[in-house]
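Please consult the sequence and the structure shown here while reading.

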Amino acid sequence: MASRSTTGSFGVDGTDLEDVKVSKDRDCPSHYIRLPNIQNPSLLSGLAYCIASCSMILVNKFVLSGYGFSAGIFLMLYQNIVSVAIVSTLSLSGVIQTEPLTWKLIKVWLPVNIIFVGMLITSMFSLKYINVAMLTILKNVANVLTASGETYFFKKQHDRQVWISLMLMIISAIAGGVTDLSFHPVGYTWQFFNCLLTAAYSLTLRHVMDSAKQATKSGNLNELSMVLLNNVLSLPSGIILVLGFNEVEYLLETPLLRTPMFWLVITASGVLGLAISFTSMWFLRQTSATTYSLVGSLNKIPLSIVGILLFKVRTSMENSISILFGLLAGVFFARAKLRGSSQSS
């Protein structure tokens, strides 16, 4: 999303786009979205992606912690509704191309979507309790689980630098947790489950991708189609979970839903989630999956600093060093992946 930040998209913050093999040209025919000629489109697309992904996490944190909103599942559901409304409108107006949602495609995609919903919900719950800086390095654990899963299930070999960077990520996550002045066991528990589900989503996505493409009429499944598919299928699950977790009673009592500014903020969060999908696709088309991953890792550094300053997070020298260590380990991991990719190509 990771990354995924909490978004309704594929390939953001958590999914290894290098191995999913996203096509730059095939997924967006020339007669659909036409971007103006820009002198440096790579820089602009990368900047747009960084701003969208950072803003999404900060806005969600503001809603859950700043406003004290205690209905994370409803927030996810509302963001999905916003995404479905915008993508459907653009598709019906001919601005973008999406695949028809057939029962055959839905049945193939349903296992992925169940994990996707769990990933979004656990991310919402953990973000309420954990500060943004710590969240960025704890999310690195998902990379460790994904790499281990690739080796175990798909027999993919990683070089020594990748494994060293993954070990550094684990050390930084442990050190960060031990020195975290705002440590909250509930938040850390939700984040652990989020890492498990993020890794499971990435691995399942690769397994299901070929079957999903065969279930479409065109034989392809572009990112926007996956955004629409994931968000549409998430709506019934979201409604059931809102009822199951008894969020309806809270929603009826909270004065926040009678505040226009609050609705503006959560609508903006839904738009930002979709903006990550568009900007990540644009950035990938201008550069490569490995560059995308590297920029995503570098993007966590200013996000962590802004998160600490904006939400006035209590921290210590030891915790700050652990966070910086984890962020640099993420950059080292992306560079190691980039090096491995260039050697294998």
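Glu150 is part of helix α6, which spans residues 140-154; helices (H or I, at least four residues) and strands (E, at least two) are DSSP runs, numbered from the N terminus. The model is a predicted one, in which local features need pLDDT of at least 70 and side-chain atom pairs count only at pLDDT 80 or more, whereas totals for chains, interfaces and linings use all residues. Residues are numbered from 1 along each chain as its sequence is written, and side-chain values use heavy atoms, with hydrogens and water left out.

**Buried polar side chains**

Glu150 counts as buried because its relative accessibility is 2%; buried means under 20% relative accessible area, exposed over 50%, and partly exposed in between (1.4 Å probe, protein chains only). The side chain of Glu150 forms a polar contact of 2.8 Å with the side chain of His158. A polar contact is a pair of N or O atoms within 3.5 Å; within protein, one must be able to donate a hydrogen and the other to accept it, and residues adjacent in sequence count only if both atoms are side-chain atoms.

Ser304 belongs to helix α12 (residues 289-310) and is likewise buried, with a relative accessible area of 2%. A polar atom of the Ser304 side chain lies 2.8 Å from the backbone oxygen of Lys300. Leaving aside residues up to four places away in sequence, Ser304 touches Ala133, Thr136, Ile323 and Leu327, where contact means heavy atoms within 4.5 Å.

**Overall composition**

The protein chain contains 13 helices and zero strands. Of its 345 residues, 52% are buried.

Two packed helices are described by the angle between their axes and the distance between the axes. Axes are lines fitted to C-alpha atoms, for helices over the stretch in contact, and angles run from 0 to 180 degrees between N-to-C directions.

| Helix pair | Angle | Axis distance |
|---|---|---|
| α4 (residues 103-129) and α9 (residues 223-244) | about 65° | 9 Å |
| α2 (residues 41-66) and α4 | about 70° | 9 Å |

The crossing of α4 past α9 is right-handed; a crossing is left-handed if the near helix is turned anticlockwise from the far one by less than a right angle, and right-handed if clockwise. On the α4 side, the contact includes Trp109, Asn113 and Phe116, and on the α9 side it includes Met226, Asn230 and Leu241. By class, this contact of α4 with α9 comprises 10 nonpolar, four polar and no charged residues. Here Ala, Val, Leu, Ile, Met, Phe, Trp, Tyr, Cys and Pro count as nonpolar, Asp, Glu, Lys and Arg as charged, and the others, Gly among them, as polar.

Helices α2 and α4 are roughly perpendicular to each other, a term that covers angles of 65 to 115 degrees. Helix α2 also passes α4 in a right-handed crossing. Ile57, Asn60, Lys61, Leu64 and Ser65 of α2 meet Met124, Leu127, Lys128 and Tyr129 of α4. The contact of α2 with α4 has five nonpolar, two polar and two charged residues.

**Positive phi angles in loops**

Most residues other than glycine have a negative phi. Lys155, although not a glycine, has a positive phi of about 55°. Lys155 sits in the loop between α6 and α7 (160-179) and is exposed at 60% relative accessibility. Lys312 also has a positive phi, near 50°. Its place is the loop between α12 and α13 (317-344), and Lys312 is exposed, with a relative accessible area of 74%.

Technical notes:
Angles under 35 degrees count as roughly parallel, over 145 as roughly antiparallel, 65 to 115 as roughly perpendicular and the rest as oblique.
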